[in-house]
Amino acid sequence: MDALKALRKVRLWAPHLVGQMVRVGVESVPIALFIATFTGVVLALQASYTFTGAMPLYFVGTLVGKTMILELGPVLTGLALSGRVGANIAAEIGTMRVTEQIDALEALAYDPVAYLVVPRVLAGAIMFPMVVILANALGVLAGWGTSMALLDMSSPEFLKGLRLFFDPWDVQFSVIKSISFGITVTAVGCSFGFHTRGGAAGVGRATTQAVVISSMIILVLDAFWAATLL
Amino acid sequence: MSIQLVNIHKSFGEKEVLRGFSLTIDAGQTMVVIGGSGSGKSVTLKHIIGLLRPDIGEVWVDGENVARLDQASVYRIRRKVGFVFQFAALFDSMTIAENVAMGLERMETFSEAEIRDRVEECLEWVDLGGYGDRMPAQLSGGQRKRVGFARAIATEPDYILYDEPTTGLDPITKAVIDELIMKMADELGVTGVVITHDMDSAFRIADRIAMLHEGRNRFEGTPEELRATDDPVVKGFIEGRPDLLESA
């Protein structure tokens, strides 16, 4: 609620938005792409193992595309970033809390929610979908490459399967999920950071709780979006 | 222009920290509040700028009750008050100059050049001219406190609140900090509220001294009156004699 009110204080959060977008999004790209690459490889290999003798092999492309875009791209990226981004935010804001830097902000007439929380949550909402789209694309590419290199599939065969059940709505679904994950990870990190008590031990506790709680919320949201939007 | 705390009660859970504390600080005065660790001295300071709100009581700054103001009005009051934190509370991701500039940037009335000049002026005032490009981690504890002073005076506040400004410092640095507090009162005409349990410092800088004990005002007077008091609790505290405190 405070964050929504603080949205109006554009002059406090706007100068920090780009910096946070870099920290939350751009710096998360390597880990997201690493996870997506190996997920794509494994999906292709496991699809081939499952389908051999039962279904045409081009369904490998279908499974890689659908699973990557609808589920594993957003969820695995969300979980990885809850560790990287959520923990970072909780630790940073928690340290600011226990060293009185947040009190100092308030004493200097800054609204700490507008100054610290709003740019981080907006950056999460904007950048998570972008990172997830990149992860989805690389996961599919990795599955494609694996199919050609290890499964004796041709490129047209993989693409035939990929196109077979492709629906542009799948990409929108993936984006909606990742926006909700971005808001969750950053807002939970900020909340636990803000309410940190008790020095270094408190910062450690807040960081752990932020990762655990945001991971749990991601999984609940994942089920919620599947139940409501598919 | 004055600060008045009237019958302040404040509890944190089961712990009742302030139990009817009252204090008046007149314009231009340096009021030192002494008291044991955990007696609620820092809590008292945080009430003055609305970082904490009392459960019961009133906090008047320039005729406005901070305890009853909305958030926007509290921010307006905070612009009149500088706050020097116990451990400086510098923003560790910013340079020294950026730290000092924070309050000026918030006022949104100064150009970049004016802010740069004012920052350098404030740093020179605390003998840290040329330190603007350094990071807080590159400074000693005493230097960080002086940056905290520079940040507090940058906006030319009417009041400065000092939370244990000499705690953890060596005797020479303590003397430097005490001189800075006196210089701020004498040259800038700032009204000061200093929280400390360092009695040497208290006697050196205070116009008046109040003692916070068990959540209430146990003593208030001039440094001379404090030295002459017969109250065993006050005497025990200023002389560092637990036997007097126990017998009280």
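# Close-up views of pockets, interface and cavities

**Figure 1. The second largest pocket of the predicted model.** About 520 Å³ of space lies in the second largest pocket of this predicted structure. Of the 19 residues in its lining, Asp2(A), Asp111(A), Val113(A), Gln71(B) and Tyr75(B) come closest to the centre. Three elements each contribute at least two lining residues: α1 (2-6) and α6 (112-150) of chain A, and α2 (71-78) of chain B. The largest share, four residues, is supplied by α2(B). Sorted by class, the lining of the second largest pocket holds seven nonpolar, three polar and nine charged residues.

**Figure 2. The largest pocket.** The volume of the largest pocket is about 800 Å³. Its lining consists of 26 residues, of which Arg97(A), Val98(A), Glu100(A), Asp103(A) and Lys46(B) are the closest to the centre. Two or more lining residues come from each of α4 (59-98) and α5 (101-107) in chain A and from α1 (41-48) in chain B. The class composition of the lining of the largest pocket is 10 nonpolar, seven polar and nine charged residues.

**Figure 3. The interface of chain A and chain B.** The contact comprises 18 residues of chain A and 22 residues of chain B. About 1700 Å² is buried between the two chains, with 57% of this area on carbon and sulfur atoms. Four salt bridges cross the interface of chain A and chain B. The side chains of Arg11(A) and Glu108(B) form a salt bridge, with an N to O distance of 3.1 Å. Seven residue pairs are in polar contact across the interface of chain A and chain B, both partners being at pLDDT 80 or more. On the side of chain A that touches chain B, α2 (10-24), α5 and α6 of chain A each supply at least two residues. The largest share of that side, six residues, belongs to α5(A). Divided by class, the side of chain A that touches chain B has 10 nonpolar, two polar and six charged residues.

**Figure 4. The largest cavity.** Two cavities of 30 Å³ or more are found in a search of the whole structure. Among the 16 residues that line the largest cavity, Ala107(A), Leu108(A), Arg78(B), Val81(B) and Thr155(B) are the closest to its centre. At least two lining residues come from each of α5 of chain A and β6 (81-84), α3 (96-107) and α5 (141-153) of chain B. The lining of the largest cavity is made up of nine nonpolar, three polar and four charged residues.

**Figure 5. The second largest cavity.** The second largest cavity holds about 30 Å³ of space. Its lining is formed by Thr30(B), Tyr162(B), Ile181(B), Met184(B), Ala185(B), Val190(B), Thr191(B) and Gly192(B). With three residues, α6(B) gives the most to the lining of the second largest cavity. The class composition is five nonpolar and three polar residues, with no charged residues.

**Figure 6. A salt bridge within the helices of chain A.** Chain A has nine helices and zero strands. Its C-alpha atoms fill a box of roughly 70 × 35 × 30 Å along the principal axes. Over all chains, the count of salt bridges comes to 23. Lys177(A) and Glu71(A) form a salt bridge in which the closest N and O atoms are 3.2 Å apart. Lys177(A) belongs to helix α8 (residues 168-194) and Glu71(A) to helix α4 of chain A, so this pair ties together parts that lie 106 residues apart in sequence.

How values were computed: Residues are numbered from 1 along each chain as its sequence is written. Chains are lettered from A and ligands numbered from 1 in the order in which they are written. Side-chain values use heavy atoms; hydrogens and water are left out. On a 1 Å grid over the protein atoms alone, a cavity is a set of points where a 1.4 Å probe fits but cannot get out, and a pocket is an open set with protein on both sides within 12 Å along at least five of seven lines; lining residues have an atom within 4 Å of a point. Grid points are joined across faces, edges and corners, and a volume is the space filled by probe spheres set on the points. Ala, Val, Leu, Ile, Met, Phe, Trp, Tyr, Cys and Pro count as nonpolar, Asp, Glu, Lys and Arg as charged, and the others, Gly among them, as polar. Contact means heavy atoms within 4.5 Å. Buried area is the accessible area (1.4 Å probe) that two parts lose on being put together, summed over both. A polar contact is a pair of N or O atoms within 3.5 Å; within protein, one must be able to donate a hydrogen and the other to accept it, and residues adjacent in sequence count only if both atoms are side-chain atoms.
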